[in-house]
Amino acid sequence: MRKQYLILLFILPVTVFTGCCNKKEFQHVIKVEVTNQVALSYTDLPVIIDLNQFTAKYPSFNSSGCVVKIRNKEIPFQINDANTDGKPDELVFLADFMPSETKTFQIMYNDTGIIRLRFPKRTQAELSHKTGGYWENRKYIGGEFKNVDFLRVPQEHTDHSFFIRYEGPGWESDKVGYRFYLDWRNAIDIFGKLTDSMVLHHVGLDGFDSYHEPSPWGMDIFKVGNSLGLGSIALWQNNKFNMVSVTDSVTCGIILNGCVESMIETNYYGWKVGQTLNNLKSRLSIYGGSRVTRHDVKLDGEGDTLCTGLIKDKRAKRILHEETKGSWTYIATWGLQ
């Protein structure tokens, strides 16, 4: 996974702002040139513009009153506040590139006003838990599911508490869906999709674990068991991996839920492994048109060896990147479960 994102970060630095001119329908039009510096073709490649640098050059830029076009055709984009400081910091859109191709995009805006745009959703992130019921023996009785942007996980919550829909937050693109268990297991699972529509908001409403059976949208296709699932985070200590199981408290929030990109942030406070205590911040993000989830992790505390893993299955071949040079590597499995 990491390889692809390092490539994305590498091929987009040559972004040249080539001037500003007036148009009748917009007060300002800024041309942005983006060059693919790799001799490979890409579909739905994220183009990320740092608005801090952008507004330094164009201080009148109005992120609420802009559109993005190529050859006078409007394209979907979103404005992100990824650092959650209440100010926009990124403009993101997707584009296709031929090998070594340069494309010119137009960012058009007015100094004031709001342009309300609605684009087809190609990503989604959600967190849904029950309200209106009550806890009994660590099970949530009654109530109805409600989508929220933030949750401090109750101390009563554990696996199969029937409190959180499909047992944790979910995120998806038009290619695939994911979830992770927001409890002591803390493992990532996969929803295989048969449609490019957004489906997570329907999953688990027709029976708490109905997603284990085939549906028109797809189903849960990954057997996690007692493993780390797909790329979950753990701490390597005493010659074994230790899941994020024992904590003082956990919070989870939907940072982005957009047409182009979605992101979930989870904070684990007082993660205890042996005699060590750590605070862990996890961010999971996905772009439209991609099956790749990016996982950014920050660890504060005494532990110093993070690890991850995949399930083991006798029918699935393990694939390991053998090179030791460079800043990235990969492991994979391929086969039936």
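Reader: Which backbone atom does the side chain of Q78 reach?
Author: In this predicted model, the Q78 side chain comes to 3.3 Å from the backbone nitrogen of C259.

Reader: Where is Q78 found?
Author: Q78 belongs to strand β6, which covers residues 77-80.

Reader: Is Q78 buried or exposed, and why?
Author: Q78 is buried, because its relative accessible area is 8% and buried means under 20%.

Reader: What else is Q78 in contact with, leaving aside neighbours within four places in sequence?
Author: E90, L91 and V92 are among its contacts. Q78 also touches L256, G258, C259, V260 and E261.

Reader: Back to C259. How far is its C-alpha from that of R118?
Author: The two C-alpha atoms are separated by 8.6 Å, although R118 and C259 are 141 residues apart along the chain.

Reader: Where is R118 found?
Author: R118 sits in the loop that runs between β8 (102-109) and β9 (123-126).

Reader: Buried or exposed, that R118?
Author: R118 is exposed, with a relative accessible area of 85%.

Reader: Changing topic. Which residues form a nonpolar patch on the surface?
Author: I319, Y330 and W334 form one, and together they have about 350 Å² of accessible area.

Reader: Which strand does I319 lie in?
Author: I319 is part of strand β26, residues 317-320.

Notes. Residues are numbered from 1 along each chain as its sequence is written. This is a predicted model: local features need pLDDT of at least 70, side-chain atom pairs count only at pLDDT 80 or more; totals for chains, interfaces and linings use all residues. Side-chain values use heavy atoms; hydrogens and water are left out. Helices (H or I, at least four residues) and strands (E, at least two) are DSSP runs, numbered from the N terminus. Buried means under 20% relative accessible area, exposed over 50%, partly exposed in between (1.4 Å probe, protein chains only). A polar contact is a pair of N or O atoms within 3.5 Å; within protein, one must be able to donate a hydrogen and the other to accept it, and residues adjacent in sequence count only if both atoms are side-chain atoms. Contact means heavy atoms within 4.5 Å. Patches are made of residues with over 30% relative accessible area and no salt bridge: like charges are joined within 9 Å, nonpolar side chains (Val, Leu, Ile, Met, Phe, Trp, Tyr) within 5 Å. Accessible areas come from the Shrake-Rupley method with a 1.4 Å probe; for residues, only the protein chains shown count as cover. A salt bridge is a side-chain nitrogen of Lys or Arg within 4 Å of a carboxyl oxygen of Asp or Glu.
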